[in-house]
Each structure stands twice: as structure tokens, then as C-alpha cells.
Amino acid sequence: ATTIPERLSETGCVDPDDPTLPAAGLIPYRPNAPFWSDGADKGRWLALPDATTIALTSAGDFDFPPGAVLVKNFRRQDRLIETRLFMRHPDGVWAGYTYAWNEAQTDAIRVTGGALDDGSTGPWLFPSEAECLQCHTAAAGRSLGLEIAQLNGDLLYPQSGRTANQLLTLDAIEVLEPALPADPATLPALPDPFGTAALEQRARAYLHTNCSGCHRPGGPTPSSMDLRYDVALSATATCDVAGITGSDLGIANARLLSPGDPGRSLIWLRMGLRDANAMPPIGSLVVDEDGLALISAWIAGLEGCD
């Protein structure tokens with residue numbers, strides 16, 4: 001069995017002389033529509049075993065080879081709090097591991113079974129191994145945020161100092177199989193939820209990132225909601241649809257999404273909670289106020305379900 005090191009500096013995923021930096025050979029990436037992580041700033045890298053490639057699925061998702069590792073750093077107030085490793089083991093099974101940074105910012109120690117830390121930057125949840133897989137669902141291909149529509153955007157690459165399209169970069173270093181099917185300008189691209197695209201596009205991108213990992217066909221929820229970006233609103237099973245019995249928060253005539261009325265829309269209402277009715281149900285202690293305002297504005301402006 002693979003032994004997971006207790007110290008981040010011993011994992012091979014970071015520079016052993018400066019664990020705040022990725023190991024040589026790791027590839028940085030950034031999704032167009034980042035996931036809400038309680039206000040943390042994130043750095044992200046992917047690592048592939050030698051002579052392996054990422055399979056592009058027909059749905060535009062990235063299917064990573066055994067041995068691949070995804071690395072994510074979380075910072076608040078410019079201090080590293082946590083580093084998460086998401087690894088596809090040689091048997092093909094995915095597993096998540098998390099490390100808590102020490103006060104001196106010299107190394108991070110593995111946290112097993114999850115933990116709540118009242119650190120200097122505020123309360124912070126370290127996920128358990130089981131919770132990693134609750135969000136990184138099989139239905140979403142396990143690796144969230146790594147798909148054509150999310151990586152179809154520019155990134156400043158620290159190694160070269162150059163800004164380039166992430167898909168073109170991955171294609172150029174020959175880690176995509178098959179090769180990129182078309183020019184990125186003709187491929188799907190999620191907008192930044194807080195950028196300059198149309199309100200509906202930004203709202204749907206936010207829901208895609210933060211909700212569709214579970215809320216999609218084959219997902220782990222009792223609901224049939226499908227909140228993926230490219231699904232028409234009328235096909236999401238949310239618009240003017242009643243919630244599951246007992247989930248209406250005591251609101252008369254509540255709907256999953258009530259056009260023109262955020263106050264009767266359970267999707268929006270549950271985003272603003274951090275109790276047993278909260279969405280997401282795990283992994284967050286802090287409401288995303290900007291996300292809440294975005295979804296409220298979008299719902300308020302809807303005149304119907306078409």
C-alpha cells in the first residue's frame with residue numbers, strides 16, 4: 001500500500017527546500033469560474049507521471065491517468081492555511097489528502113479525519129478523506145474544474161513569464177489525448193462569474209462550478225436538478241419546480257427557482273445558510289456574499305423559464 005507522508009515537504013509535490021513552492025515539473029492552472037472556498041485565494045497545479053497524458057472525454061472533461069496528482073494551496077490574508085492533494089492511485093481510485101500549514105509557514109502536517117481550526121485568519125475546515133469524494137463526485141469525473149470550458153482562458157505562467165491560453169499550452173506540451181479538437185476560440189468557455197459577461201451567463205457559470213458537481217445526471221443527490229452550464233434553464237429541473245417534501249424552509253409556495261422572486265427560490269435561500277439546510281452541505285463556514293448577490297440579481301430578472 002502507498003504510504004502518504006505526514007509532511008507536505010516529503011510528498012514530492014512541492015519543492016523540499018521551500019514547500020510553499022510547487023515541485024519542478026508541476027503545471028499551473030486556473031479555472032475561469034473558481035469555486036468558492038470561504039474567501040481563500042488559491043494556487044493550483046497538476047502533476048502527471050512521465051509519458052502519460054490527460055484523456056479528453058466527449059463531454060469536454062479531463063480524465064487523468066493513474067498516478068496523477070492535483071495540488072491546491074489555500075491562502076487567507078497572504079498566509080498559507082492548507083494544501084490539498086487529490087491523487088489518482090495506481091489502481092485508478094481517487095483519494096484526497098490535506099495538510100495544515102504551521103505558524104512559521106515552513107511546512108504543513110497531514111490532517112486525517114477532518115478538522116476545524118480557529119486560526120489567525122478565522123475558522124477553517126479541513127475536509128476528511130470521505131468529504132473530499134462527496135464533492136469530487138464520480139458523476140463529475142472526480143477532478144472538478146479541469147475541463148475544456150473551465151481552462152479555456154489565459155494564464156500567466158511563472159516559469160516563462162508569458163501569458164497564454166491554457167488549452168493551447170497543454171496541447172503544445174503534448175499532454176492532451178486526443179489533441180485539442182479545435183481552436184480555443186471555437187470551444188466552450190465559462191465566463192468569470194464576477195466579470196463582464198451577461199448576467200445569466202455569469203450566474204450559470206457560478207452554479208456550474210459551485211453546484212453541478214453533485215447536481216447533474218448520476219449525481220449523489222435525491223433531486224433531479226441539473227445545474228451544468230450548457231443545460232437550458234427549462235431543462236435544469238429547477239425553474240418553477242417545487243423542492244423535495246420537507247425542504248421548503250417553511251416558505252409558502254417555495255420553488256427551487258422562482259422566476260423574479262429570489263425570496264421563494266430555495267437555490268438562493270440555501271446558499272445563504274450555514275446550518276443543516278446549507279448549500280453546499282459540507283466544506284464551508286462562510287457565506288459567499290458576492291455569489292449570493294449574483295444569483296439574486298439573476299433570479300430577480302427572470303421573467304419565465306425559457
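The model is predicted, so local features need pLDDT of at least 70 and side-chain atom pairs count only at pLDDT 80 or more, while totals for chains, interfaces and linings use all residues. Residues are numbered from 1 along each chain as its sequence is written, and side-chain values use heavy atoms, with hydrogens and water left out.

**Cysteines**

Select Cys239 and Cys305. Their sulfur atoms lie 2.1 Å apart and form a disulfide, meaning a pair of cysteine sulfur atoms within 2.5 Å. The count by this rule is 1 disulfide. The torsion about the S-S bond is -85°, and the link of Cys239 and Cys305 is left-handed. Cys239 sits in the loop between helix H4 (199-211) and helix H5 (266-271), and Cys305 in the segment after helix H6 (289-301), so the pair ties together parts that are 66 residues apart in sequence. Helices here are DSSP runs of H or I with at least four residues, strands are runs of E with at least two, and both are numbered from the N terminus.

Cys239 is buried at 11% relative accessible area, whereas Cys305 is partly exposed at 23%. Buried means under 20% relative accessible area, exposed over 50%, and partly exposed in between, with a 1.4 Å probe and protein chains only.

Next, select Cys13 and Cys211. The sulfur of Cys13 has its closest cysteine sulfur in Cys132, 14 Å away and too far for a bond. For Cys211 the closest is in Cys214, at 9.1 Å, again too far for a bond. Cys13 is buried at 10%, and Cys211 counts as buried at 17%.

**Nonpolar cores**

Select Leu207, Leu257, Ile295 and Trp298. In the largest nonpolar core, of 22 residues, these touch the most other members. A nonpolar core is a set of buried Ala, Val, Leu, Ile, Met, Phe, Trp, Tyr and Cys residues joined through side-chain atoms within 4.5 Å. H4, H5 and H6 each supply at least two residues of this core, and H6 gives the most, with 5 residues. Around Ile295, leaving out residues up to four places away in sequence, the contacts (heavy atoms within 4.5 Å) are Ala203, Tyr206, Leu207, Trp268 and Met271. Another core, of 20 residues, lies apart from this one and has among its members Ile27, Leu70, Leu146 and Leu170.

Select His208, in helix H4. His208 counts as buried at 10% relative accessibility. Beyond four places in sequence, the residues that His208 touches include Glu147, Gln150, Leu190 and Tyr229.

Move to His215, in the loop between H4 and H5. His215 counts as buried at 9%. Among its contacts beyond four places in sequence are Asp226, Arg228 and Met279.

**Second largest pocket**

Finish with Pro34, Phe35, Trp36, Ala40 and Lys42, which lie nearest the centre of the second largest pocket among its 17 lining residues. Strand S4 (residues 41-47) gives the largest share of the lining, 3 residues. The lining divides into 7 nonpolar, 2 polar and 8 charged residues; Ala, Val, Leu, Ile, Met, Phe, Trp, Tyr, Cys and Pro count as nonpolar, Asp, Glu, Lys and Arg as charged, and the others, Gly among them, as polar.

Note on methods
On a 1 Å grid over the protein atoms alone, a cavity is a set of points where a 1.4 Å probe fits but cannot get out, and a pocket is an open set with protein on both sides within 12 Å along at least five of seven lines; lining residues have an atom within 4 Å of a point.
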